[in-house]
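Hello,

Here is the structure I promised to pass on to you. Please open it first, and then read my notes below alongside it.

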Amino acid sequence: MNNEKQSQDRLAVLIDADNAQPSITEALLAEVAKYGVASVKRIYGDWTTPSLSGWKSVLLEHSIQPIQQFRYTVGKNATDSAMIIDAMDLLYTGRFDGFCLVSSDSDFTRLASRIREGGLLVYGFGEKKTPKPFVSACDKFIFTEVLRFQVDAEPASKPKTGKELRGDTKLVSLLRSALDAASDESGWAHLSNVGSNVIKQAPEFDPRNYGYGKLGALAAATNLFEFDKRIQNDGQSTVIYIRDKRKKPKE
C-alpha cells in the first residue's frame, strides 16, 4: 500500500480505557494519523469509577466519544464485550479501511483476526506486556512505551550499539530475511520494501524499540549492510537501496 492511499484510509479508533493511559493520547493520535484518518474515535469503560477520572479532559480535547459500560459483576470485564460488539457493527457498515485497537488485553486477539479476515487492516497499540497472540493477530503493533517518549521529548530507550544489535540474533535474522525477500539478483532492495517485509514477519517491529527513529538508521548502526542512494527518473528525488554486505561481489 503506498503512502498516499494509506494516508486517506478511514480508520476506526477503539480504546480500552482500562488498559490505556491518558498521557499518551496526543502521541497515539499522531501515530494513527500516519496510517489514515481517524473517522471514529471511541473509548470504552465504566466512567462511574474514580480510576478513569484522568481521561475527562483528554476526551474533550481530542473529541473522543466515551462509551459507558457498567461492570455487572466484580472480576468480569464487560468493557471488552462492548468494544467487540461495536467493532463488529462498524466492520459490517463497510465504511472503514482499518481499525486501531488500543489495549494490552489478549481478549481482543480474535477480534483482530476477524477484522483481518474481512480484508481490513488492524493496527494494535499496547504495552510491551501485551500477550504475543494479540500482537501477532495485528498487521502492525506499536508499543505505547515508544509513544510515551514523544510526550517527554526523550528517547524511548538509549540507542543500542552496533555490537549489541549484531548480538541480537532475532533482529539480525529478521532484517536479513526481509531483505532477501525484497532483493533483486544483485542483492539490492528498496529500503521501503524491506520495511514492509519486516512488518509482515514481525508486526511488533519498530526501530524506536532499539533507540532509532527510522529503519535505515537502525540497519546502518548494525554495520551489516551497505546503502546506495539512487536518483529517480525525475532527476530530483532519491531512493535508498540496501544490500547485505555478505552479498557484495568480491573484487
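Is S63 exposed or buried? At 55% relative accessibility, S63 counts as exposed, since the cut-off for that label is over 50%. Before going further, please keep in mind that this is a predicted model.

S63 sits in the loop that runs between helix 3 (56–62) and strand 3 (65–68). S63 has a positive phi of about 55°, although S63 is not a glycine. N223 is another case: its phi is positive, at about 60°, and N223 is not a glycine either. You will find N223 in the loop between helix 11 (215–222) and strand 8 (225–231). With a relative accessibility of 47%, N223 counts as partly exposed.

Next, have a look at helix 5, which covers residues 109–117. T109, L111, A112 and I115 are buried there. These residues span an arc of only 165° around the axis, so they lie on the same side of helix 5. R110 and E117, on the other side of helix 5, are exposed. Just after helix 5 comes G119, with a positive phi of about 85°.

**Aromatic pairs**

Searching the whole structure turns up six aromatic pairs. F108 is buried, at 0% relative accessible area, and F134 is buried with a relative accessibility of 0%. The pair of F205 and Y210 is tilted as well, with ring centres 6.2 Å apart and planes at 40°. F205 is buried, with a relative accessible area of 6%, and Y210 counts as buried at 16%. There is also one aromatic cluster made up of F108, F134, F141 and F143.

**The second largest pocket**

F205 and Y210 come up again here: along with K170, A202 and E204, they lie nearest the centre of the second largest pocket. This pocket has a volume of about 230 Å³, and 16 residues line it. By type, the lining residues are seven nonpolar, three polar and six charged. Helix 6 (132–137) and helix 9 (169–182) each provide at least two residues of the lining. Helix 9 gives the most, with three residues.

Finally, which residues outside its sequence neighbourhood does G98 touch? Setting aside neighbours within four places in sequence, G98 is in contact with R10, L11, A12, L120 and L121. G98 is part of strand 4 (residues 98–102), and G98 counts as buried, with 0% relative accessibility. The C-alpha atoms of G98 and Y35 are separated by 9.1 Å, although these two residues are 63 residues apart along the chain.

I hope this helps you find your way around.

Best wishes

Terms used:
Residues numbered from 1 in each chain as written. Predicted model: local features only at pLDDT ≥ 70, side-chain atom pairs only at ≥ 80, totals over all residues. Heavy atoms only, no water. 1 Å grid on protein atoms, 1.4 Å probe; cavity = no way out; pocket = protein on both sides within 12 Å on 5 of 7 lines; lining within 4 Å. Points joined across faces, edges and corners; volume = space filled by probe spheres on them. Helix = DSSP H or I, 4+ residues; strand = E, 2+ residues; numbered from the N terminus. Nonpolar A, V, L, I, M, F, W, Y, C, P; charged D, E, K, R; others polar. Buried < 20%, exposed > 50% of the residue type's maximum accessible area, 1.4 Å probe, protein only. Contact = heavy atoms within 4.5 Å. Arc of directions from axis to C-beta. Phe/Tyr/Trp six-rings, centres within 6.5 Å; stacked < 30°, edge-to-face > 60°.
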